[in-house]
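Student: I am new to this structure. Please take me through one part of it closely.

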Amino acid sequence: MIKRGFRYRLDPTDEQELMFRKFAGVCRAVYNAALHQREVFWRQHLRTEGRHVSYVGQAAELTALRAEFDWIREVSQACEQQALRDLDNAFQRFFDGVSGYPTPRRKGKNDGFRFQGRNVEVEKLNRNWSRVKLPKIGWVRFRDTRPMVGKLKNVTVSLDSLGWHVSFAREIEHEAPANIAPAVGIDRGVANSIAMSTGEMDSIGKERLAVLDRRRRKHQRDLSRRKRGSQRYGKTRKRVAAVAAKGARVREHFNHVRTTRIVRNFGTVCIEDLNIANMTASAKGTVEEPGKNVAQKAGLNRSILEQGWGQFEEFLTYKLAASGGVLVKVDPRNTSRKCSNCGHIDARNRESQASFRCVECGHEAHADVNAAINILQAGTRPSEEAKAPRRKSRKAA
Ligand SMILES: [Zn+2]
C-alpha cells in the first residue's frame, strides 16, 4: 500500500473563507485544550493511580462541550473529532520515539482542519475545475490540476502564504506499475544532494546557494545599520527579500531538472520515508523535553531545508503520477548502515560521511550509493519478504 497526497488550490467564496477560519480556530482550540487536559491529567492521576486519558474519553467530553457552547457546535463534529485523533496520533508517535512531544497548535502556523475521507464528496465540474463537499461548509471549488487515484483516506484544508488549499490523502494498492521502465533507489543525503542506486550522484549546486547566503547575510547586516523606516532601510529590505527569493528559485530549478530526468529514465522510484516536518520540528524539543544535540540538529535541519527535500518529493510524486510510474517509500531504518552486498548491518560499516566498507564481507562503496541500493532493494522486494528481515533485526537488537 502506497500513500499519496493530492493538493489543490481552493477557490472559496468570502463566506466560505470565513467558515474556514472559524473551523481552523475551533479545531485548534479543541486540540490545544485536549493537549492541556492530557498534561494536567498525567500530573494528577496517571503517575499515582495509573489512570489514563484516551481518545475515546476525550471524544465523549467533546459531545458534552458541544451541548454547552454554541461556538463549538457551529463547527462540524467530524473535524473536531479528527483534531482529537490527530492529538492521539501525535502522542502515539511520541511514545514510539518517532517524533517529539506534541506542542500546541498556533494561529498563523497551524491554520487548518481535517476530515476523514468518508465525510466528504468530490465531483468533477469541467476540464479545469472540480469541487469538494465539506460538512457544514458545502461545495467548494478547486483548480483540478491533476487526476486523483486510490482510496480516499482523509482530507485536509489548510492555509499557507498562497491561500487555502485542500489535500486528499489516498492509498494505492501496490500493483505492477504501468510504466515498465527500470526501478531506481535514491538516497537523499546531506553531503551529496542525492545519490542513485546506479552510482550516479547529483548535487544541488551548494556553491551557488552559499554565494547567495553570504549575500543575504551581508544585506541583513546592512539592514541592521539602517534607520528603521528610512528610504535606505526600505531599499535594503527589498534586497534581502530578493536574495531569499532567488535562493528559492535556484532550489526549485534544480529540483525540477533533477526530478524530470529521473522520471524520464525510471518507472519505479524508491526513496526513504522521511517525515521532514517531524525531523525539523523535533530538534528544538519542548520545555519539559529539551531536544538533544540542539545545535548540531539545527545545523542538519538547516541543510535539509536548504536542499528542499520536501519539494523534491512533491515534484517527483506528481511527475510520476503523470508518467504512470510509482513512488515507493521505504522504512529508512538501517539503510545507511547495511551492506548492500551481504546484508550485514553494523554502524562500523560506515567509515565516514562518504565512505562505506563492510566489516563482514569487505564490500566498498560510496556510502550514499550503498544506501541508495538498499533503498532500491527494500522498495522492490515482494511484500512477504519485506516483512521478514524486519522481524529478524528486531530480535537481533
Ligand atoms: Zn557486506
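Student: How many residues does helix α10 have, and how far does α10 reach from its first C-alpha to its last?

Tutor: First, some ground rules. This is a predicted model, where local features need pLDDT of at least 70, side-chain atom pairs count only at pLDDT 80 or more, and totals for chains, interfaces and linings use all residues. Residues are numbered from 1 along each chain as its sequence is written.

Now the helix. α10 covers residues 367-380 and has 14 residues. From first C-alpha to last, α10 reaches 20 Å. That is close to the 20 Å expected at 1.5 Å a residue; the expected span is 1.5 Å times one less than the number of residues. Helices here are DSSP runs of H or I with at least four residues, strands are runs of E with at least two, and both are numbered from the N terminus.

α10 is mostly covered, with 13 of its 14 residues buried. Buried means that 20 or more other C-beta atoms, placed from the backbone, lie within 10 Å of the residue's own. For the protein chain, 26% of the 397 residues count as buried.

What does α10 pack on? Start with the sheet. It is open, has five strands and runs in the order β10-β9-β8-β11-β12, with mixed pairing. Two strands pair if DSSP finds at least two bridges between them. β10 (201-202) and β12 (326-330) stand at the edges. Each has a single partner strand, so one side of each is left without a neighbour in the sheet. α10 packs on this sheet and touches β8, β9, β10, β11 (268-272) and β12. Contact means C-beta atoms, placed from the backbone, within 7 Å. The direction of α10 makes about 130 degrees with that of β8. Such angles run from 0 to 180 degrees between N-to-C directions, and axes are lines fitted to C-alpha atoms, for helices over the stretch in contact.

Look at one pair inside the sheet. β8 (residues 183-188) and β9 (residues 194-196) pair in the antiparallel sense over three bridges. Asp187 has Ala195 in β9 as its bridge partner.

Finally, step back. The protein chain has eleven helices and 14 strands. Among contacts with a separation of 6 or more, residues 24 or more positions apart account for 64%. Elsewhere, β3 (residues 121-124) and β4 (residues 129-134) pair in the antiparallel sense over four bridges. A hairpin joins β3 to β4 through four residues. There, Val122 has Val132 in β4 as its bridge partner.

Terms used. A residue is buried if 20 or more other C-beta atoms lie within 10 Å of its own, exposed if 12 or fewer, and partly exposed in between; C-beta atoms are placed from the backbone. Two residues are in contact if their C-beta atoms, placed from the backbone, lie within 7 Å.
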